[in-house]
Amino acid sequence: MAVYISRGEEQTLRFATQYARGLKPGDVVLLEGDMGAGKTVFAKGVALGLGIDDDVTSPTYAYMNDYGGRLYHYDCYRLSSGGQAAALGLTDYFYAGGVCLVEWAQNITDVLPENCKKVTINKLSQNAREIIYD
């Protein structure tokens, strides 16, 4: 595990862009942090790093946003089990060849693939964030 301290949104965006360059198709990244920690900002940076310039938004109500088959951004906050995720077809995308970013993964732990990467974002102050990653 490594730690990066971001002093604002721009730094988080730049860090996530760099982080994405080390990802490969099929990687599943568990993106952890409280509401408002900066998970969506991080997802925007990952998209940029993967060469995606679509407007990245939180998939809270859609469960998952698909960015051209290269990035699948999940929000599992409203799911209560892995079985529910599987019934919605969400688990199929873990094996679809794109990078998966999964928010609130603790709600579907029983269906996550092995060897997931993890990024945890902790809010230190109004602007500063501690990003713990592997």
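## Ala 87 and helix α3

Ala 87 is exposed, with a relative accessible area of 70%. Ala 87 belongs to helix α3, residues 82–87. The model is a predicted one. In it, the C-alpha atoms of Ala 87 and Gly 38 are separated by 29 Å, the two residues being 49 residues apart along the chain.

## Leu 90 and its surroundings

Leu 90 sits in the loop between α3 and β5. Its relative accessibility is 8%, so Leu 90 counts as buried, the cut-off being under 20%. Leaving out residues up to four places away in sequence, Leu 90 touches Tyr 63, Met 64, Tyr 74, Leu 79 and Ala 85. For one of these, Tyr 74, the C-alpha to C-alpha separation from Leu 90 is 8.5 Å, at 16 residues apart in sequence.

## Helix α1

Helix α1 covers residues 9–20. Its 12 residues, at 1.5 Å a residue, should span 16 Å, and the end C-alpha atoms are 16 Å apart, so the two values agree. The expected span is 1.5 Å times one less than the number of residues.

The buried residues of α1 are Thr 12, Leu 13, Phe 15, Ala 16, Thr 17, Tyr 19 and Ala 20. An α-helix has 3.6 residues a turn, so residues three or four places apart point the same way. The cover over the buried residues of α1 includes β1 (2–6), β2 (28–32), α2, β6 and β7 (129–133).

## Helix α2

In α2, 8 of the 11 residues are buried, so this helix is largely enclosed by the rest of the structure. The buried residues are Lys 39, Val 41, Phe 42, Ala 43, Gly 45, Val 46, Ala 47 and Gly 49. Elements covering them include α1, β2, β4 (71–75), β5, β6 and β7.

After α2 comes Gly 51, which has a positive phi, near 80°.

In soluble globular proteins, nonpolar side chains tend to be buried together. The largest nonpolar core here holds 21 residues, of which Phe 42, Val 46, Leu 71 and Val 119 touch the most other members. Two or more residues of this core come from each of α1, β2, α2, β5 and β6. Apart from it lies another core, of 17 residues, including Leu 90, Val 102, Trp 104 and Leu 112.

Which residues are in contact with Leu 71, leaving aside its neighbours within four places in sequence? They are Ala 43, Val 46, Ala 47, Leu 50, Ile 52, Asn 65, Asp 66, Val 99 and Leu 101. Among these contacts, Ala 43, Val 46 and Ala 47 are buried residues of α2.

Most residues other than glycine have a negative phi. Tyr 63 has a positive phi, near 75°. Tyr 63 lies in the loop between α2 (39–49) and β3 (64–67). Its relative accessible area is 19%, so Tyr 63 is buried by a cut-off of under 20%. Tyr 63 is also one of the residues that Leu 90 touches.

Trp 104 has a positive phi as well, about 60°, although it is not a glycine. Trp 104 is placed in the loop between β5 (99–103) and β6 (117–123). At a relative accessible area of 16%, Trp 104 is buried.

## Salt bridges

Side chains of opposite charge can pair when their charged atoms come close. How many salt bridges are there? The count comes to 2. In one, the side chains of Lys 24 and Asp 27 meet at 3.2 Å, N to O. Lys 24 is exposed, with a relative accessible area of 51%, whereas Asp 27 counts as buried at 9% relative accessibility.

A salt bridge also joins the side chains of Lys 118 and Glu 32, at 3.8 Å, N to O. This pair links distant parts of the chain, with Lys 118 in strand β6 and Glu 32 in strand β2, 86 residues apart. Lys 118 counts as partly exposed at 30% relative accessibility, and Glu 32 counts as partly exposed at 25%.

## Nonpolar surface patch

Val 3, Ile 5 and Leu 124 form a nonpolar patch on the surface, and together they have about 250 Å² of accessible area. Leu 124 is located in the loop between β6 and β7. With a relative accessible area of 48%, Leu 124 is partly exposed.

Technical notes: Residues numbered from 1 in each chain as written. Heavy atoms only, no water. Helix = DSSP H or I, 4+ residues; strand = E, 2+ residues; numbered from the N terminus. Buried < 20%, exposed > 50% of the residue type's maximum accessible area, 1.4 Å probe, protein only. Contact = heavy atoms within 4.5 Å. Patch = residues over 30% accessible without salt bridge, like charges linked within 9 Å, V, L, I, M, F, W, Y side chains within 5 Å. Areas by Shrake-Rupley, 256 points an atom, 1.4 Å probe, with all protein chains shown as cover. Salt bridge = Lys/Arg side-chain N within 4 Å of Asp/Glu carboxyl O. Core = buried A, V, L, I, M, F, W, Y, C linked by side-chain atoms within 4.5 Å.
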